[in-house]
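User: Got a model here to walk through. Can you take my questions as they come?

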Amino acid sequence: MKAIMPFVLSSILLLGTVACDNKAKTSSSAPDTTDKTGEVPTDKTILANQKDATSQVRRDQLNADIRAREQRNNVIGGSATRANSDLASEVRSKLEANIPSSQLTVAAKDGAVVVVGNVQTQEQLNKINSLAKEIKGVRSVKVVVKIVPAVPSPKL
């Protein structure tokens with residue numbers, strides 16, 4: 001039984017890694033790929049993103065994600081080499097928690113992280129690199145983010 005458990009657990013982790021190969025986004029309005037930076041947000045989009053990122057449900061999800069990653073790291077020995085999807089997801093969580101009005105997409109490959117999208121201010125842009133580097137396993141960060149203040153929503 002003891003010999004089977006590590007095998008079963010690693011199989012589940014491997015399946016999860018392969019199945020979750022999509023990009024990690026801080027909001028639903030973030031770009032779908034790291035090839036583009038996204039569109040100019042409206043003030044309603046920014047408010048909706050911020051409300052979602054700061055809601056109790058979202059906070060609980062972020063905390064559950066962090067706990068799951070910590071447990072997974074403890075099981076596999078806490079290696080600095082991380083699965084690309086785990087790394088992207090953890091960086092996304094960190095950015096979403098600290099820059100809730102952002103529209104960012106995060107991709108990772110072999111410790112190299114790419115962050116693309118839009119933020120509202122220079123201060124938010126300046127935070128991205130240091131926040132991403134706080135995550136264990138991040139070796140380099142490429143930030144392709146524009147400062148795009150929200151435009152007023154069209155009134156109907």
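What follows is a short chat about this model.

Analyst: Ground rules come before the details. This is a predicted model, where local features need pLDDT of at least 70, side-chain atom pairs count only at pLDDT 80 or more, and totals for chains, interfaces and linings use all residues. Residues are numbered from 1 along each chain as its sequence is written, and side-chain values use heavy atoms, with hydrogens and water left out.

User: What is the mean pLDDT of the chain?

Analyst: The mean is 77, and 61% of the residues reach 70 or more. Over residues 18–22 the pLDDT is below 50, and that stretch has 1 contact beyond near neighbours in sequence. pLDDT is the predictor's confidence in each residue, from 0 to 100. Contact means heavy atoms within 4.5 Å.

User: How do β2 and β3 pair?

Analyst: They pair in the antiparallel sense over 7 bridges. Strands are DSSP runs (E, at least two residues), helices likewise (H or I, at least four), numbered from the N terminus. Two strands pair if DSSP finds at least two bridges between them. Thr 105 stands opposite Val 116 in β3. The two strands form a hairpin with 2 residues between them.

User: Which residue in that turn has a positive phi?

Analyst: Asp 110, at about 55 degrees. Asp 110 counts as exposed because its relative accessibility is 55%. The cut-offs are under 20% relative accessible area for buried, over 50% for exposed, and partly exposed in between (1.4 Å probe, protein chains only).

User: And what about β3 and β4?

Analyst: Those run parallel, joined by 8 bridges. Val 113 has Val 141 as its bridge partner in β4. With α5, they make a right-handed β-α-β unit. Right-handed means that, with the strands pointing away from the viewer, the path from the first strand over the helix to the second runs clockwise.

User: Is β3 mostly covered or exposed?

Analyst: Covered: 6 of its 8 residues are buried.

User: Switching topic. Which residues have the most contacts inside the largest nonpolar core?

Analyst: Val 91, Leu 95, Val 113, Val 115 and Ile 128, in a core of 19 residues. α4, β2, β3, α5 and β4 each supply at least two. Such a core is a set of buried Ala, Val, Leu, Ile, Met, Phe, Trp, Tyr and Cys residues joined through side-chain atoms within 4.5 Å.

User: What does Val 113 touch?

Analyst: Leaving out residues up to four places away in sequence, its partners include Leu 87, Val 91, Val 106 and Val 138.

User: Last one. Where is Gln 120?

Analyst: In the loop between β3 and α5. Gln 120 counts as buried because its relative accessibility is 15%. A polar atom of its side chain lies 3.4 Å from the backbone oxygen of Val 148.

Methods. Polar contact = N/O pair within 3.5 Å; in protein donor to acceptor, adjacent residues only side chain to side chain.
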